[in-house]
Amino acid sequence: MNLKQTIINFLEKAKPKPKVNKPTFAVELHHPVIFAFESGDIKYYQFQDIFQLCHSRAFRAMEVYEEAQMRTTKEMLLLHVEATDKILTSDKIDIFAMKKLNDQLKERLEFIISSDTIWKLASVVFFDEKENPYDYDYRYGIEKIKLWKKEKDVANFFLNTPINKLLPYLDMSENDLRTYISVGQALTKQQIENLSQYTSKTGQSRDLFKTLELLN
């Protein structure tokens with residue numbers, strides 16, 4: 001090795017190494033965490049076995065899976081119950097309004113899956129460096145969804161993140177997926193507007209509407 005090469009090698013070794021910030025999660029050895037994806041310059045992680053969530057995060061995932069099976073969210077059902085109660089306790093029961101609300105539930109039962117449950121499930125399964133992998137903060141989950149929606153629409157998010165591994169039965173082309181989600185979002189928007197006619201806009205109902213509008 002000549003003198004020039006020796007000097008080059010010495011200088012290369014003397015260069016400061018780039019500092020890599022590796023997330024350190026307080027997890028048990030049998031619950032390894034791996035990188036999932038990046039969105040908006042924020043890195044998101046998941047448990048290596050995506051089907052083995054732990055503690056409160058696991059219970060929350062079970063709740064969202066139930067919503068996925070029902071093709072609707074808990075927020076939508078709570079508002080439906082409130083709207084039905086309001087109609088049934090009015091001086092004159094509007095059977096046409098009842099029929100409209102009942103038809104909405106029928107429509108949702110025909111969905112393959114509602115896009116709002118995709119966002120909710122992702123907020124449970126994927127976590128950033130600030131989160132406790134074993135715990136789930138509902139409000140922080142909503143904030144993550146807000147950030148994701150700024151970066152990508154739901155079709156892009158579904159296609160470009162590991163969330164599609166959790167919903168294997170939604171197997172269709174990208175164009176079909178976009179069309180399906182677009183139609184589903186339009187129907188959900190109309191259903192939210194219908195519910196707003198028979199429910200209050202204060203307290204819990206106001207918060208439920210805000211969540212639905214965000215998810216859709």
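Leaving aside its neighbours within four places in sequence, which residues is Phe-126 in contact with? In this predicted model, Phe-126 is in contact with Ala-36, Phe-37, Tyr-44, Tyr-45, Gln-46, Ile-50, Arg-57, Glu-131, Lys-144, Pro-162 and Ile-163, once those neighbours are set aside.

## The nonpolar cores

Phe-126 also belongs to the largest nonpolar core, a set of 32 residues in which Phe-126, Trp-148 and Ile-163 touch the most other members. Two or more residues of this core come from each of β1 (33–39), α2 (55–70), α5 (115–125), α6 (138–151), α7 (154–160), α8 (174–196) and α9 (203–215), and the element that gives the most is α5, with 6 residues. In soluble globular proteins, nonpolar side chains tend to be buried together.

Helix α5 is largely enclosed by the rest of the structure, because 11 of its 11 residues are buried. Among them are Ser-115, Asp-116 and Lys-120, as well as Ile-118, Trp-119 and Leu-121.

Lys-120 forms a salt bridge with Glu-67, and the closest N and O atoms of the two are 2.9 Å apart. This pair links distant parts of the chain, since Lys-120 is in helix α5 and Glu-67 is in helix α2, 53 residues apart. Both Lys-120 and Glu-67 are buried.

## Other salt bridges

The structure holds 12 salt bridges. In one of them Lys-99 pairs with Asp-103, with the closest N and O atoms 2.9 Å apart; these two residues are 4 residues apart in helix α4 (residues 95–109), and so are separated by about one helical turn. Lys-99 counts as partly exposed at 46% relative accessibility, and Asp-103 is likewise partly exposed, with a relative accessible area of 26%.

Another salt bridge joins the side chains of Arg-178 and Asp-153 (3.2 Å, N to O). Because Arg-178 lies in helix α8 and Asp-153 in the loop between α6 and α7, this pair ties together parts that are 25 residues apart in sequence.

## The largest pocket

The largest pocket holds about 420 Å³ of space, and of the 17 residues that line this pocket, the closest to its centre are Tyr-138, Ile-142, Asp-207, Leu-208 and Thr-211. At least two lining residues are supplied by each of α2, α3 (74–88), α6 and α9, with α9 giving the most, 6 residues. By class, the lining has 5 nonpolar, 2 polar and 10 charged residues.

Methods
Residues numbered from 1 in each chain as written. Predicted model: local features only at pLDDT ≥ 70, side-chain atom pairs only at ≥ 80, totals over all residues. Heavy atoms only, no water. Core = buried A, V, L, I, M, F, W, Y, C linked by side-chain atoms within 4.5 Å. Buried < 20%, exposed > 50% of the residue type's maximum accessible area, 1.4 Å probe, protein only. Contact = heavy atoms within 4.5 Å. 1 Å grid on protein atoms, 1.4 Å probe; cavity = no way out; pocket = protein on both sides within 12 Å on 5 of 7 lines; lining within 4 Å. Points joined across faces, edges and corners; volume = space filled by probe spheres on them. Nonpolar A, V, L, I, M, F, W, Y, C, P; charged D, E, K, R; others polar. Salt bridge = Lys/Arg side-chain N within 4 Å of Asp/Glu carboxyl O.
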